[in-house]
Amino acid sequence: MAPHPSAIGGHAQGFGATERKDGWWVEPIVTVVVFLAFVVYTTWAALQGTHYHWGPYLSPFYSPLLFAAPGDAAGLHHSWFGAWPSWWPSFVPASPAVLILIFPGSFRFTCYYYRKAYYRAFTGSPPGCAVGPLAGRRPYRGETFLLLFQNLHRYTMPFAVLLVFILSYDAVVSYWWDGRVGVGVGSIVLTLNAILIGAYTFGCHSFRHLIGGRTDCMSCGKATLKYGAWKRASWFNERHMEFAWLSLVWVMVADLYVRLLSMGVITDLNTWGR
Amino acid sequence: MATTRTFRIWRGDARGGGFEQFEIQVDEGMVVLDVLHRIQAQQANDLALRWNCKAGKCGSCSMEINGKPKLACMTRMNSFAESETITVQPLKTFPVMKDLVTDVSWNYAQNKRIPKFQPRPRDPDGAYRMYQEDVDRVQEFRKCIECYLCQDVCHVLRDRHGREQNTFVGPRFLIRLASLEMHPLDTADRIPAVRDEFGSGMCNITKCCTEVCPEHIHITDNGIIPLKERVVDRFYDPIAMLMRKIFG
């Protein structure tokens, strides 16, 4: 690779140019690999329309199951509105996940943490701190022009909050099968999934702003609900990155677990003996 | 135990310059600033560097050490491998005056542009009252020592001509704006200026400012993002705008 030209101060110019000697490039590479793996797996899983439930377990990619997939009589048990609608256009994939994934997908895409991660990893803007950016000579407009839509993150948030309650419901019903209370590995997987997604969602910057942060006098000397909620959201907010990654990976694990059970590849260890 | 270390220091001025290499004895417990002073005393009497408190509180000795914006007085020599050559450069974002000294006066000009604190009228007994819980978050911003490491590392100022074109005021001053805007006694409305004059939208929240802050201020999460959210309230949230129209 040709050496980067040096400016006053000896700072190298150009994409990736830096005097840093640490592994600054590890983080963007890991981000690219995990994000691409997630997108590829999620798209594939969402388009299948099969193997998304087993016993009391429902894949989080397919929850809430508004309509059971065509031909999936067993799925009616989890479905909110019954069988797949006959009016569904034939050119759109008939998979329940396509009705759902747009909501958590848009929430994560516009999330402040994920913005940091993909601006660094995918657009090189910059790829690392004090590292030369990609397209450094092009006019830079930040989030003022084409990226103004990022400001609508708060509108994706209510759906994400609703989904936390729905996934929690799924976790609770996963302890109930054929009229008997029990527990299986799948129940624990789905419970952890609800907890991690909840911890990620309630640390959202927009959530923290709307519940209290937008006012200057949150307590005004009293133990207000607003101030208490803001304090708790701040705890999750400090760990937003960790919960973003954990919940992203775990939701994939949860879908894969249910899928492999449904396909008969693995068996669930549970108290129901099935 | 004393060891000999290799330093590669950029020397020059606005007309040009280059790296000079120094072999220097380093004693246990030294920080980079100590070593630079020893080089200045023993090998390069005209080496220019700015420093003052040697305690990480004045923000004077900001420079780039092995490519990272850091305070020289807070960078311990035992954080490097003994065989490692340590590269020291001036801040990239600001014009070089001489060697490791840069002209940071652009920052002072930005500070003057910010509308000042405008407290509400005093209570009937003549006091100003506010509550600790409500000022906690702005007190975090008051820890800033104005070292300008955040300004240096911010790619909008560093690589995107944000300083030259005055399109972005930088993280340090968004933090100052946040400290005023969130203050429970303050009455001024700076939100239109935060967007239009100070360029909050130019920040793409890559958090490098937070990573380099020697005072560990959560610049992005607690300062810039809440400001951006207030800008959204005012300019980009149709429901909030409608509610304001109806209810005032």
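What percentage of the 248 residues in chain B is made up of buried residues? In this predicted model, for which local features need pLDDT of at least 70, side-chain atom pairs count only at pLDDT 80 or more and totals for chains, interfaces and linings use all residues, buried residues make up 56% of chain B, where buried means under 20% relative accessible area, exposed means over 50% and partly exposed lies in between, with a 1.4 Å probe and protein chains only. Residues are numbered from 1 along each chain as its sequence is written, chains are lettered from A and ligands numbered from 1 in the order in which they are written, and side-chain values use heavy atoms, with hydrogens and water left out.

The secondary structure of chain B comprises 10 helices and seven strands, helices (H or I, at least four residues) and strands (E, at least two) being DSSP runs numbered from the N terminus. The C-alpha trace of this chain spans about 70 × 40 × 30 Å along its principal axes. Its accessible surface amounts to about 10,900 Å², of which 51% belongs to carbon and sulfur atoms; accessible areas come from the Shrake-Rupley method with a 1.4 Å probe, and for residues only the protein chains shown count as cover. Of the contacts in chain B between residues at least 6 apart in sequence, 61% join residues at least 24 apart, a contact being defined by heavy atoms within 4.5 Å.

Within chain B, strand β5 (residues 86-89) is covered on both faces, with B:I86 and B:V88 buried on one side and B:T87 and B:Q89 buried on the other. Strand β1 (residues 3-13) of chain B runs parallel to β5(B) and is joined to it by three bridges, two strands being taken to pair if DSSP finds at least two bridges between them; B:R8 has B:T87 as its bridge partner in β5(B). Strand β3 (residues 62-65) of chain B, by contrast, is antiparallel to β5(B) and joined to it by two bridges, and here B:E64 has B:Q89 as its bridge partner.

In chain A, the buried residues of helix α2 (residues 102-109) are A:P104, A:F107 and A:R108. Seen down the axis of α2(A), these buried residues fall within an arc of 95 degrees, so they line one face of the helix; the arc is that of the directions from the helix axis to the C-beta atoms. The elements that cover the buried residues of α2(A) include α3 (112-121), α4 (153-173), α5 (185-201) and α8 (240-262) of chain A.

A:S187, located in helix α5 of chain A, counts as buried at 0% relative accessibility, and its contacts, leaving aside neighbours within four places in sequence, are with A:Y57, A:S174, A:Y175 and A:W272. A:S187 and A:A171 are 16 residues apart in sequence, with a C-alpha to C-alpha distance of 6.2 Å. A:D255, in helix α8 of chain A, is likewise buried, with a relative accessible area of 0%; not counting residues up to four places away in sequence, A:D255 touches A:Y41, A:A45, A:S59, A:P60, A:F61 and A:Y62.

Backbone geometry was examined next. Most residues other than glycine have a negative phi, and most peptide bonds are trans. A cis peptide bond, with omega about 0 degrees, joins A:S63 and A:P64, and A:P64 is found in the loop between β2 (57-58) and α2 of chain A. The peptide bond from A:S125 to A:P126 is also cis, with omega near -5 degrees, and A:P126 lies in the loop between α3 and α4 of chain A. A positive phi of about 50 degrees occurs at A:C220, although this residue is not a glycine; A:C220 is placed in the loop between α6 (205-213) and α7 (225-238) of chain A and is partly exposed at 33% relative accessibility. B:D99, again not a glycine, has a positive phi of about 50 degrees and is found in the loop between β6 (96-98) and β7 (101-102) of chain B, where B:D99 is buried with a relative accessible area of 1%.

On the surface of chain A, a nonpolar patch is formed by A:W25, A:V26, A:I29, A:V30 and A:V33, which together have about 460 Å² of accessible area. Patches are made of residues with over 30% relative accessible area and no salt bridge, like charges being joined within 9 Å and nonpolar side chains (Val, Leu, Ile, Met, Phe, Trp, Tyr) within 5 Å; a salt bridge is a side-chain nitrogen of Lys or Arg within 4 Å of a carboxyl oxygen of Asp or Glu.
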